[in-house]
Amino acid sequence: MIFGIGVDVLEAARIKKVLARFGDHFIDRLLMPAERAQLGRTKRPERFIAMRFAAKEAIVKAMGTGFAHGIWIRDVGVVQNAWGKPEVAYSPRGEKVRRKLGIGDGHVTLTDEAGLIVAVAVLEAAEKPKRATRPAKPTAKAKAKARRR
């Protein structure tokens, strides 16, 4: 079952301006350590940062929290797996909020075209643990039937 869907559209030029003004300070406040490590390996850092910013916005929209209610910009993020697929990641604090809200797996897709960055996040509801069921107590009718046997 889907917990929430979030979408964000961003002009890449906005991030370029912010980077020109604040540089590493902006990057340090934005990226999780795993994202920062991947930034060091990218050939297009401005695009990478813009996509991460849009993804973070889409994720918190899907969570229904925005950057409030215990979630900060470095509490959610996107890292690429070995195949390059973007995957939703959480800091320890983000993980705690995710579990409290009942959010399970997360999915994100990113694209860019004509100077625009688009991120779409889909968060699944966590599966509720199945409670052990006790055998039903026999009814008076069932007890009487058992005595007759």
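1. The charged end of Arg 52 sits over the ring of Phe 48, 3.9 Å from the ring centre. The criterion is NZ of Lys or CZ of Arg within 6 Å of the ring centre and within 35 degrees of the ring normal.

2. On the basis of the note: this is a predicted model, in which local features need pLDDT of at least 70 and side-chain atom pairs count only at pLDDT 80 or more, while totals for chains, interfaces and linings use all residues. Residues are numbered from 1 along each chain as its sequence is written, and side-chain values use heavy atoms, with hydrogens and water left out.

3. Helix 4 gives the most to the lining, with four residues. By type, the lining divides into four nonpolar, four polar and five charged residues.

4. A search of the whole structure finds one aromatic pair. Phe 26 and Phe 53 form this pair, which is tilted, at 6.4 Å centre to centre and 35 degrees between the planes. (Ring centres must lie within 6.5 Å; planes under 30 degrees apart are stacked, over 60 edge-to-face, the rest tilted.) The pair links distant parts of the chain, with Phe 26 in helix 2 (residues 24–30) and Phe 53 in helix 4 (residues 45–63), 27 residues apart. Both Phe 26 and Phe 53 are buried. (Buried is under 20% relative accessible area, exposed over 50%, partly exposed in between, with a 1.4 Å probe.)

5. The protein chain has six helices and five strands. (These are DSSP runs: helices H or I of at least four residues, strands E of at least two.) The C-alpha trace spans about 90 × 25 × 25 Å along its principal axes. Buried residues make up 36% of the 149 residues.

6. His 69, not a glycine, has a positive phi of about 55 degrees and lies in the loop between helix 4 and strand 2 (76–80). Ala 114 has a positive phi near 50 degrees and is in the loop between strand 4 (103–113) and strand 5 (116–125).

Note on methods. Rings of Phe, Tyr and Trp (its six-membered ring) pair if their centres lie within 6.5 Å; planes under 30 degrees apart count as stacked, over 60 as edge-to-face and the rest as tilted. Ala, Val, Leu, Ile, Met, Phe, Trp, Tyr, Cys and Pro count as nonpolar, Asp, Glu, Lys and Arg as charged, and the others, Gly among them, as polar.
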